[in-house]
Amino acid sequence: MRLAVYNTLGQTVASLVDRIQGAGYHEVQWYPLVASGIYFYKLEAVVLDKPLDSFITVRKMLFMR
């Protein structure tokens, strides 16, 4: 699983998760050192025995201090 945060220019702000994880619910806490504004997070999950069966989503988020 890979979880990363990007700014509006497409630059990586933080890479929160980049490892193999088992199935189930997972939680990640992010303590950002960035300015308030709009950011995007991208979540990628790949089934190890079926690499073509992947899940990728990009969502917008608003960070306010």
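This is a predicted model: local features need pLDDT of at least 70, side-chain atom pairs count only at pLDDT 80 or more; totals for chains, interfaces and linings use all residues.

User: How many helices and strands does the chain hold?

Analyst: Helices (H or I, at least four residues) and strands (E, at least two) are DSSP runs, numbered from the N terminus. Here there are zero helices and four strands, in the order β-β-β-β from the N terminus. The C-alpha trace spans about 40 × 20 × 15 Å along its principal axes.

User: Which residues make up the largest nonpolar core?

Analyst: In soluble globular proteins, nonpolar side chains tend to be buried together. A nonpolar core is a set of buried Ala, Val, Leu, Ile, Met, Phe, Trp, Tyr and Cys residues joined through side-chain atoms within 4.5 Å. Buried means under 20% relative accessible area, exposed over 50%, and partly exposed in between (1.4 Å probe, protein chains only). In this model the largest core has five residues: Val5, Ala14, Val34, Tyr39 and Phe63. Of the 65 residues of the chain, 20% count as buried.

User: What does Phe63 touch, leaving aside residues up to four places away in sequence?

Analyst: A contact means heavy atoms within 4.5 Å. On that basis Phe63 touches Pro32, Val34, Ala35, Ser36, Gly37 and Tyr39. Phe63 has a relative accessible area of 18%, so this residue counts as buried.

User: How is a pair of aromatic rings described?

Analyst: Such a pair is described by the distance of the centres and the angle of the planes. Rings of Phe, Tyr and Trp (its six-membered ring) pair if their centres lie within 6.5 Å; planes under 30 degrees apart count as stacked, over 60 as edge-to-face and the rest as tilted. The structure holds one aromatic pair. The ring centres of Trp30 and Phe63 are 6.1 Å apart and their planes stand at 45 degrees, so the pair is tilted. Trp30 lies in the loop between β2 (12-18) and β3 (37-47), and Phe63 in strand β4 (residues 50-63), so that the pair links distant parts of the chain, 33 residues apart.

Key:
Residues are numbered from 1 along each chain as its sequence is written. Side-chain values use heavy atoms; hydrogens and water are left out.
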